[in-house]
Amino acid sequence: MSDQNDIEMDAGVADGSSKGAGLLPQLLKWIAISLGALIFIVTVVVITVNVMGLTGRSTTTAPVSEEYIGQQDVLDWYQAVNTIQTRSADTIAASIMVDVALGFTFGDKSTPAELSSRIVELRDFLRSFFNSKTVSELKNEAKIKIEIRNYINDNILTRTKIRDVRFTRYDIIEQ
């Protein structure tokens, strides 16, 4: 026997007629190796993405320039409320004089019409609103503006909404 015959006998091949019998185990071996490699690669990718997502900065967010921070839409302003004069709710009352401007969507024609039709309700609300506040509460203008906007949108206006409230005059005169 030659060395070639020894190799064939060790591999389970006794003669040349059964060479196809060794193909199936070889094919299964390579399929198993491929699947193992695929599972390993997917696992490494998933773990890497999760770690990068938790601790790293996202690369999909666009940087925000300072010139764009805080810019708002252009609004039309309703200023026909006139000056509201009242006194604060303190024991020693302070005089309050406020001119209110109500902002609404630019080009909207229905909001100023509804505001005009409800001007008496607006003035009454603003007068009683400022009359019910103390000087310390009135010092927080941002909170006052939000309260006024929300009340007007929820309780006075029915078809339209205002988007912003600004004061063109905001005088609190303590005695």
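Analyst: Helices are DSSP runs of H or I with at least four residues, numbered from the N terminus. The model is predicted, so local features need pLDDT of at least 70 and side-chain atom pairs pLDDT 80 or more, while totals for chains, interfaces and linings use all residues. Residues are numbered from 1 along each chain as its sequence is written, and side-chain values use heavy atoms, without hydrogens or water.

Start with leucine 27. Leucine 27 sits in helix 2, residues 23-55. Its relative accessible area is 48%, so leucine 27 is partly exposed (buried is under 20%, exposed over 50%, partly exposed in between; 1.4 Å probe, protein chains only). Leu27 belongs to a nonpolar surface patch with Leu24, Leu28, Ile31, Leu35, Leu38, Val42 and Val46. Together they have about 740 Å² of accessible area. Such a patch joins nonpolar side chains within 5 Å, from residues with over 30% relative accessible area and no salt bridge.

Now the rings. The whole structure holds six aromatic pairs (centres within 6.5 Å; planes under 30 degrees apart are stacked, over 60 edge-to-face, the rest tilted). Phenylalanine 129 and phenylalanine 130 pair edge-to-face, at 5.4 Å centre to centre and 85° between the planes. Both phenylalanine 129 and phenylalanine 130 are buried. Phenylalanine 167 and tyrosine 170 are stacked, at 4.6 Å and 15°. Phenylalanine 167 counts as buried because its relative accessibility is 14%. Tyrosine 170 is buried too, because its value is 17%.

Notes. Patches are made of residues with over 30% relative accessible area and no salt bridge: like charges are joined within 9 Å, nonpolar side chains (Val, Leu, Ile, Met, Phe, Trp, Tyr) within 5 Å. Accessible areas come from the Shrake-Rupley method with a 1.4 Å probe; for residues, only the protein chains shown count as cover. A salt bridge is a side-chain nitrogen of Lys or Arg within 4 Å of a carboxyl oxygen of Asp or Glu. Helices (H or I, at least four residues) and strands (E, at least two) are DSSP runs, numbered from the N terminus.
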